[in-house]
Amino acid sequence: NTQFNNLLSVPDTEPFIVQSGELQLAQTNFFIEAEDAVFTGTQIGTADTGVDYSNAQAVRLGANGDEVTDSKVFDYDIPSGEATFRARAELNNLDSEVSLQLDGTEIRDLSFGGQSDSISWRFGLGSTAPALSAGSHSFTIELKNYNSGNIEIDCVSFRDDRFSYTEDNTV
């Protein structure tokens, strides 16, 4: 009986849950369309910009304090340095800082000095991310010390970075 219990003992940092009496893989990555999150800024579309956004829509952040934020529930603990989010975004002459936040705390601050770059997956927290206990957690991408330009955020991947994901840049 002890051997059997040892086989069923799963560390809190492993992405498994017991549901309806069965061991199942917990979700390790959440895909969020920026326009479906809470945002300040402007909702834009492929017809407006010619950029091939997923779902043909994105959110343009172009003023101090503009942000995209959302929260998701992780069913297991994520160790320190392993929680991250990445955004599929385009930079248009962006002269601003971009604050990357978890649960309202800034984890990383990026500075752009008039940079333009076509749409691609960018950002991430790297080893600076704190451990996240099982439960609801939020991410925020916010412009601060804004001067000019904008960033167009198509979608965000909020995830446990211990696993591999395909970041397809085509939609």
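**Figure 1. Phe 139 and Phe 158 in the predicted model.** Phe 139 and Phe 158 are both buried, where buried means under 20% relative accessible area, exposed over 50% and partly exposed in between, with a 1.4 Å probe and protein chains only. For Phe 139 the relative accessible area is 0%. Together, Phe 139 and Phe 158 form an edge-to-face aromatic pair, with 5.3 Å from centre to centre and 65° between the planes. Rings of Phe, Tyr and Trp (its six-membered ring) pair if their centres lie within 6.5 Å; planes under 30 degrees apart count as stacked, over 60 as edge-to-face and the rest as tilted. This is a predicted model in which local features need pLDDT of at least 70 and side-chain atom pairs count only at pLDDT 80 or more, while totals for chains, interfaces and linings use all residues. Residues are numbered from 1 along each chain as its sequence is written, and side-chain values use heavy atoms, with hydrogens and water left out.

Figure 2. The whole structure holds seven aromatic pairs. In one of them, the ring centres of Phe 85 and Phe 139 are 5.3 Å apart and the planes meet at 35°, so the pair is tilted. Phe 85 lies in strand E8 and Phe 139 in strand E10, 54 residues apart, and the pair thus links distant parts of the chain. Helices (H or I, at least four residues) and strands (E, at least two) are DSSP runs, numbered from the N terminus. Phe 85 is buried at 0% relative accessible area. Ring pairs join Phe 85, Phe 139 and Phe 158 with Phe 30, Phe 74 and Tyr 76 in a cluster.

**Figure 3. The largest nonpolar core.** A nonpolar core is a set of buried Ala, Val, Leu, Ile, Met, Phe, Trp, Tyr and Cys residues joined through side-chain atoms within 4.5 Å. The largest one has 34 residues, of which Phe 85, Val 98, Phe 123, Ile 141, Ile 151 and Ile 153 touch the most other members. Two or more residues each come from strands E3 (29–33), E6 (57–61), E7 (67–74), E8, E9 (105–122) and E10. E8 gives the most, with nine residues. A second, separate core has five residues, including Val 51, Tyr 53, Ala 58 and Ile 119.

**Figure 4. Surroundings of Asp 160.** Asp 160 sits in strand E10 (residues 135–160) and is buried, with a relative accessible area of 0%. Its side chain makes polar contacts with the side chains of Tyr 76, at 2.9 Å, and Arg 162, at 2.7 Å. A polar contact is a pair of N or O atoms within 3.5 Å; within protein, one must be able to donate a hydrogen and the other to accept it, and residues adjacent in sequence count only if both atoms are side-chain atoms. Leaving aside neighbours within four places in sequence, Asp 160 is in contact (heavy atoms within 4.5 Å) with Thr 28, Phe 74, Tyr 76, Ile 78, Glu 82 and Tyr 165.

**Figure 5. Surroundings of Ala 83.** Ala 83 belongs to strand E8 (residues 83–102) and counts as buried at 1% relative accessibility. Not counting residues up to four places away in sequence, Ala 83 touches Ile 78, Leu 102, Leu 125, Ala 129, Pro 130, Leu 132 and Arg 159. The C-alpha atoms of Ala 83 and Cys 155 are separated by 17 Å, and the two residues are 72 residues apart along the chain.
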